[in-house]
Each structure stands twice: as C-alpha cells, then as structure tokens.
Amino acid sequence: MKPLFLLPMLLLAATLSAPTVHAKDSGLAYISSEKDHAITMVDLKTLAVVGTISTCKRPRHMQRLRADTQLMVACSDSGRADIIDLASRRSVGSVPLGDDPEVFDLSPDGRTAYVSAEEDGALNVFDLVAKKLVKSVPLGKEPEGVKVAADGKRVYVSSEVANLVHVVDTATLKIVKNIAVGKRPRRFAFSADGSELWVSNELGSSVSVISVHDLAVVATISFEVKGMRADDITPVGLTLSRDGRTMYVGLGRANHVAFVDVASRKANRLVLVGKRAWGLGLNRDGSRLFVVNGLSDDMTVVDTASAKALKTLSVGRVPHTVVVDD
C-alpha cells in the first residue's frame, strides 16, 4: 500500500501522463472570481449560473491539465495552484507556484508549469509531478503574460514595465532575445499556423504582431472606439477564432471586444460588452465568445456570426478567467 502522503502526487502524475482526450464535456463555463475565492459555473445551454466551487485565495488564471479532466487554478494570495476535478467539482490537490502567481502556461506534456512572478520580476519554472521549483529566470519588472510554443522549445513572457516580450529557451532556461513592443504588454495568442505571436499592449491601445521566425515585430494594430480617448482603450485578453481568420481582442476599459481580421490586420467589428472586457473564451464550434468583465462583475456571451451580445450575467466579484468545457 502506498503511503498516504504520496497519493496526491501519484494522482497528479497519473493525470499528467494520461493520453490527450477531449474535455469532459460538462456543458459548463468556469469563471474564476478573485474576490469570492471561488469558481462560478455557468450552464452553456441556459446561460444561467448553476453553482460555485470553493478554491484557494484570489483565483486568477486557469487551464485544463493535459488529460482535460482537471482544472488548474493559480491563486495569487495562496502562492499555489488548486487542482479541481471537473467530474466531482472538488479540489483534489494543489501544487506550489511561488509568491503571487498570476498567469501560467504548461509544457506540451503537461508536466512543467511556466509561471509569471510579478513581484519577483521572474519566470518561475515548476515541475508539477515533483511539486518543486526547477528554476527562476530573472526578467523585466512585472511579468504577466506567458505563452509556450506548440513544440515546447520556447516560452514567451511579457514585461509590463519594461515593455518587452522575453523569449526564453526551455532547454537552457535562458533568455535568447528581448523584443520591444507597445506600452504595458499583457497577454498572448498565436496565429493558426503558429508563425505569428500577437501581444496586447494595454496602455498602447494596440496589439503587436511578432514573427516567430524572425523574433521581431512585423505589425502594430491600433484600436479606435468612437467617443473614446486612446487612453481609455486598454487591450488585454486575446483569443483566435476556430477557423483562424479572426482574432478577438478584449479592449478593457473601452468595454468592447474587437473582431480583428487576421489577414488584413484590421478591426472590422466592435461589440459592446460589460465594464473592463478582460478574459476571453470560445465554445468548441466557435459560435459563442465568452467575455469576462472585471469591473462589472459579469460575463457577456457574444454570438460571433452576428457580432451581437446575447446575454450578460453576474459571475462573482472581479472575475478573471473563463474556461469553456462543452
């Protein structure tokens, strides 16, 4: 019989080594609530709140683990990630993530977490099976966005104060290049073929498009909203449409989501949502966009074909991230 203290580690190891399958198809959207220390569940058919899951303090970024049966939740005030089982909707364990973790990404095999440590100005690399810090990579001040390349060879990290994207080699855990982008870069999204990395510039009212091959900015997309100053347009969340043709960009305090044509790099539609459009998520077929609004404590569901808001519903205080499991 295995010692009891090894069981949580063995459970996590089994999850990480399991073959990739689709999500558990719970028919729910999960939204982290920073102030409620909880995850709100929304039924995707009725668009109604159906319950909450208690979690660690100040839950922010979330991702599924590799087997898609569990949700990993970074909790900034707890210094760890909570592991939520999607079937039982309960916490089944945790892993340390260092002080004030906010955004993370996982290696392709799901065994390594790359975590932005804002206060330390570093990228912390954690072995999720051994539950230990592998290395802390010094970066510019206030790192936030983290994105791992599909092949796992590089991880990209945004530095809000330095206005840089740091490119880190995952084999050596050394910075191979610093790329100057717009003011206060926040989040990332890859193009469909992985050749471009888009980064939102919160105080630049723009998105920088980086060539992954050249590691250089090849375009800057600026946003305008009628009746608003540039300072009020603060892009943060990005997500790519299922067909790869449209990049959805949450415009923060401008309270809109922009639909950007990837080929022309032009915003062709704007949708009014809640206050401080923040995190974004898509359902499986890409027909609905879920927009988390951090200042109005709600989430707006947008029909992507018509570019119209269908419904806005309360999802807890200071919602941060949405994960859609349909």
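This is a predicted model: local features need pLDDT of at least 70, side-chain atom pairs count only at pLDDT 80 or more; totals for chains, interfaces and linings use all residues.
Two strands are said to pair when DSSP finds at least two bridges between them. If you look at where they face each other, you will find Pro-143 opposite Ser-159 in S13.

S12 and S13 belong to an open sheet of four strands in the order S12-S13-S14-S15, with antiparallel pairing. Its edges are S12 (143-148) and S15 (174-180), each of which pairs on one side only. From one strand to the next, the twist averages 25°.

Let us move to another part of the chain, where an open sheet of four strands runs in the order S4-S5-S6-S7, again with antiparallel pairing. Here the edge strands are S4 (59-64) and S7, each pairing on one side only. The twist in this sheet averages 25° from one strand to the next.

On one side, S5 (residues 70-75) pairs with S6 in the antiparallel sense over six bridges, and Gln-70 stands opposite Asp-85 in S6. S6 (residues 80-85) is also joined by six bridges to S7 (residues 90-96), and these two run antiparallel. Asp-85 turns up again in this pairing, with Arg-90 as its bridge partner in S7. The hairpin of S6 and S7 has four residues between the strands, and in it Arg-89 takes a positive phi near 60°.

How many disulfides does a search of the whole structure find? The search finds one, and this disulfide joins Cys-56 to Cys-75 with an S to S distance of 2.1 Å. The pair links distant parts of the chain: Cys-56 lies in the loop between S3 (48-54) and S4, while Cys-75 lies in S5, 19 residues apart. Because the torsion about the S-S bond of Cys-56 and Cys-75 is about 75°, the disulfide is right-handed. Are its two cysteines buried or exposed? With buried meaning under 20% relative accessible area, Cys-56 counts as buried because its relative accessibility is 4%, and Cys-75 counts as buried because its value is 0%.

S1 (residues 28-33) is mostly covered, with six of its six residues buried. In a regular strand the side chains alternate between the two faces of the sheet. In S1, Leu-28, Tyr-30 and Ser-32 point one way, Ala-29, Ile-31 and Ser-33 point the other way, and all are buried.

Which strands does S1 pair with? One partner is S28 (residues 319-325), which pairs with S1 in the antiparallel sense over five bridges; there, Asp-325 is the bridge partner of Leu-28. Another is S2 (residues 38-43), joined to S1 by six bridges and running antiparallel to S1. In S2, Tyr-30 has Met-41 as its bridge partner. The hairpin of S1 and S2 has four residues between the strands, and in this hairpin His-37 takes a positive phi near 50°.

Terms used
Residues are numbered from 1 along each chain as its sequence is written. Side-chain values use heavy atoms; hydrogens and water are left out. Buried means under 20% relative accessible area, exposed over 50%, partly exposed in between (1.4 Å probe, protein chains only). Axes are lines fitted to C-alpha atoms, for helices over the stretch in contact, and angles run from 0 to 180 degrees between N-to-C directions. A disulfide is a pair of cysteine sulfur atoms within 2.5 Å.
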